[in-house]
Amino acid sequence: MKKTVRDIDVKGKKVLVRCDFNVPMQDGEITDDIRITSALPTIEYLMENQAAVILMSHMGRPKGEAKPEFSLKPVADRLSQLLGREVIFTPSDQVVDDHVKASAEALEPGQVMLLENVRYRSEETKNEEPFTGQLASLGEIFVNDAFGTAHRAHCSTAGLAGYMPSVSGFLIEKEVKFLGDALEDPKRPFVAIMGGAKVGDKIPVIENLLKKVDTLIIGGGMSYTFFKAIGYQIGTSILDEESIKLAKTLMEKAMDSGVEMMLPVDTVCAREFAPDSEKAVFNSDTMPKDMMGMDIGPKTIRLYQEAIAKAGTIVWNGPAGVFEMPAFAEGTKAIAEALAESDAVTIIGGGDSAAAVEQFGLADKMTHISTGGGASLEFLEGKELPGIACLEDK
Ligand code: ADP
Ligand code: MG
């Protein structure tokens with residue numbers, strides 16, 4: 001267990017907090033502020049407990065240069081609105097300079113300031129000096145609350161821990177609790193649902209989950225790599241050639257360890273990758289040569305719903321079909337609804353799966369929606385995340 005802000009005395013201290021304010025922007029406007037609202041509990045706790053709060057974040061990929069379109073100014077404005085008090089923004093191409101240092105110096109307990117995008121500095125993503133030391137000169141305690149970048153060892157996510165007492169914020173605490181409990185102490189049966197398109201990234205996750213789950217459900221674009229491994233014809237469906245062998249090994253492992261592995265028994269196929277394409281349902285072992293799999297079929301939906309209904313814990317990563325096109329959203333929608341109706345602990349990891357749940361209006365029916373796509377995948381893969389490993393143990 002890692003220490004959190006609750007475990008240390010922050011009163012009168014300058015506290016450096018790494019947040020994930022990497023919000024989507026369009027024409028200078030924030031289009032979704034969930035990442036900002038998710039950071040509020042930690043910021044508010046620190047303000048109430050009389051810390052002087054210095055916030056850090058990245059946004060986008062300015063690649064070590066000060067590019068105005070990646071400025072965190074809009075985030076400072078939105079955060080001010082949400083907190084109902086001023087957030088002092090310190091614009092600086094260097095992120096930390098004499099002026100910024102003076103502002104940090106003058107910051108009073110209960111006040112909040114936000115530094116400019118840490119990725120304006122080329123050292124940030126390499127975890128190199130002098131940037132880490134410059135950031136460290138501003139504060140006395142490091143709080144990491146940026147789960148979305150916890151799988152990266154950067155100056156502001158891990159490097160700072162070498163300089164001062166370091167603890168987690170409430171968001172990281174919550175992510176670790178839900179994802180960690182699911183992996184270590186799940187209410188059984190434990191069902192994992194894996195889908196989406198990034199097969200190569202997700203196969204290592206499946207490998208780790210096979211050691212933990214009772215049932216593994218496969219859907220979405222990764223199904224066809226498994227079909228190929230069995231020897232099915234998959235037409236023009238997406239395929240990760242390099243993962244076929246591993247897919248075969250995983251199926252054998254599942255068999256050996258008594259994990260029930262469920263693959264789609266039927267598949268909605270389309271002539272082309274288009275919302276209005278001609279479509280038809282086939283048993284998965286009879287997919288035509290000139291069509292591609294786009295969604296799980298109705299028989300599969302029924303089988304998956306039954307497995308979900310029996311579950312005690314469900315981890316879902318990756319949509320069951322091309323849910324962005326209404327004609328191929330049925331499978332993903334059915335799974336989201338089955339999770340919403342279930343009494344199980346339901347955890348959603350992955351940006352597109354979270355977006356799907358949001359799109360169907362079911363987000364508040366889930367136990368936990370992870371805020372970190374890549375980070376939650378690496379967590380489920382069983383890897384140690386450097387932004388968490390660097391924090392003090394309880
Ligand atoms: P997540 O972000 O939840 O981890 P991924 O990024 O791996 O999920 O995959 C999401 C994408 O997978 C979606 O854009 C979806 O359209 C795509 N997808 C799902 N099923 C298929 C399929 N059968 N063929 C092609 N793409 C698919
Ligand atoms: Mg994705």
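By class, six nonpolar, ten polar and four charged residues make up the shell around ligand 1; Ala, Val, Leu, Ile, Met, Phe, Trp, Tyr, Cys and Pro count as nonpolar, Asp, Glu, Lys and Arg as charged, and the others, Gly among them, as polar. This is a predicted model, in which local features need pLDDT of at least 70, side-chain atom pairs count only at pLDDT 80 or more, and totals for chains, interfaces and linings use all residues. Residues are numbered from 1 along each chain as its sequence is written, and ligands are numbered from 1 in the order in which they are written.

Ligand 1 is surrounded by 20 residues (a heavy atom within 4 Å), the closest being Ala197, Lys202, Glu324, Asp352 and Ser353.

| Residue | Ligand 1 atom | Distance |
|---|---|---|
| Ala197 | oxygen | 3.0 Å |
| Lys198 | oxygen | 3.3 Å |
| Gly221 | nitrogen | 3.2 Å |

The protein buries 90% of the 580 Å² that ligand 1 exposes when taken alone (Shrake-Rupley method, 1.4 Å probe). Strand S14 (292-296) and helix H11 (351-359) each give two or more residues to the shell, and H11 gives the most, with three.

The second largest pocket has a volume of about 560 Å³. A pocket is an open set of points on a 1 Å grid over the protein atoms alone, where a 1.4 Å probe fits, with protein on both sides within 12 Å along at least five of seven lines; lining residues have an atom within 4 Å of a point. Its lining has 26 residues, with Lys2, Val176, Gly180, Phe379 and Ile388 nearest the centre. Helix H5 (170-184) gives the most to this lining, nine residues.

Conventions. Heavy atoms only, no water. Points joined across faces, edges and corners; volume = space filled by probe spheres on them. Helix = DSSP H or I, 4+ residues; strand = E, 2+ residues; numbered from the N terminus. Polar contact = N/O pair within 3.5 Å; in protein donor to acceptor, adjacent residues only side chain to side chain.
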